[in-house]
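Please keep the sequence and the coordinates at hand while reading.

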Amino acid sequence: MSQQPVVGILHPGGMGAAVAACAADHASAVLWCADGRGPASARRAERYGLTAVPTLRELTGRADILISLCPPAAAEDVARSVAGHGFTGVYVEANAISPRRAERIAGLFPPPATVVDGGVIGAPPVGGSTPFLYLSGPRPRADEVARLFDGTAVQARVLGPRIGQASSLKLAYAGFQKVSRVLVGLSHALAREHGVDGELREVAEHRSDTYLADAEYVPSAAARAWRWGPEMDEIADTLEAAGLPPELLRAAATTLERWYDSKDDAGLTLAEALDRLAGRDGPGGAGPVPE
């Protein structure tokens with residue numbers, strides 16, 4: 001691989017575009033495929049200085065390193081499409097998927113292609129955020145991917161040589177971080193149904209060890225439920241494969257389905273999010289949550 005590789009991103013969502021842009025200082029170009037993507041993706045890619053190519057075939061033909069950051073449910077289909085074009089570089093599988101799925105994806109790419117397992121923990125690298133990109137897989141390829149982010153807001157760490165290590169770390173953290181937000185929503189919805197939501201906030205604000213005091217985060221969780229729900233299923237699969245009980249994560253996935261209609265709704269209020277969690281389509285029966 002050349003010292004300044006060509007990097008490609010599949011696809012330039014909020015996280016993917018920002019992560020790919022951080023690699024620009026150590027890449028000769030950072031590409032994305034415009035085919036099938038909407039105006040929002042095009043605006044995001046332009047904002048981050050990414051270079052559009054018209055087809056996936058051209059992207060796979062030019063890129064030395066391809067980074068896949070997409071909704072978990074699409075991960076294998078995306079990988080299969082890339083492999084179908086005969087990609088021979090380094091494929092970074094950075095989605096929130098189970099270690100078993102990461103291994104299946106690695107099996108789609110015969111040599112000389114190499115798959116590196118990845119997992120991003122943290123917010124997109126904008127506005128001072130510094131997420132971690134954990135990597136695992138064959139060296140020196142995993143080290144080459146990590147070096148793309150030297151000196152950037154993305155803190156890349158290589159965990160070891162085995163596909164699945166990065167994915168399992170991502171899911172172990174996400175299981176806590178995201179299910180805790182689901183529980184916050186349920187707790188506030190339950191308290192509101194009985195007219196004690198103000199009191200619940202007061203209790204939570206006097207404790208430093210609880211997410212309950214951060215109820216204003218609930219609408220943000222609702223807006224991302226369409227991505228988080230499938231991720232909960234990935235974590236449940238991983239728990240089950242390890243002989244651990246998956247039921248809590250399955251229940252979280254089912255709970256998140258009530259928020260699927262809130263997809264990417266930046267204007268969602270706490271009252272609306274709690275209404276949807278309670279099975280009401282709009283603001284209603286219980287009235288607004290006291291400030």
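## The largest pocket

The residues lining the largest pocket divide into 18 nonpolar, nine polar and 10 charged, where Ala, Val, Leu, Ile, Met, Phe, Trp, Tyr, Cys and Pro count as nonpolar, Asp, Glu, Lys and Arg as charged, and the others, Gly among them, as polar. The model is a predicted one, in which local features need pLDDT of at least 70 and side-chain atom pairs count only at pLDDT 80 or more, while totals for chains, interfaces and linings use all residues. Residues are numbered from 1 along each chain as its sequence is written, and side-chain values use heavy atoms, with hydrogens and water left out.

The lining comprises 37 residues, of which G14, M15, P124, R224 and R227 lie nearest the pocket's centre; a pocket is an open set of points on a 1 Å grid over the protein atoms alone, where a 1.4 Å probe fits, with protein on both sides within 12 Å along at least five of seven lines, and lining residues have an atom within 4 Å of a point. Its volume, the space filled by probe spheres set on the points, is about 1100 Å³. Helix α7 gives the most to this lining, with six residues (helices are DSSP runs of H or I with at least four residues, strands runs of E with at least two, numbered from the N terminus).

## R181 in helix α7

R181 is found in helix α7 and is buried, with a relative accessible area of 9% (buried means under 20%, with a 1.4 Å probe and protein chains only). Leaving aside its neighbours within four places in sequence, R181 is in contact, meaning heavy atoms within 4.5 Å, with Y211, D214, Y217, A221 and W228.

## Nonpolar cores

A nonpolar core is a set of buried Ala, Val, Leu, Ile, Met, Phe, Trp, Tyr and Cys residues joined through side-chain atoms within 4.5 Å. The largest one has 29 residues, of which L50, I65, I67, V92, L135, V145 and F149 touch the most other members, and its largest share, four residues, comes from α1. Apart from this core lies another, of 26 residues, among them V179, A221, M232 and I235.

## Cysteines

A search of the whole structure finds zero disulfides, a disulfide being a pair of cysteine sulfur atoms within 2.5 Å. For C33, the closest cysteine sulfur, in C70, is 14 Å away and therefore too far for a bond. C33 is buried at a relative accessible area of 8%, and C70 is buried at 12%.

How values were computed
Buried < 20%, exposed > 50% of the residue type's maximum accessible area, 1.4 Å probe, protein only.
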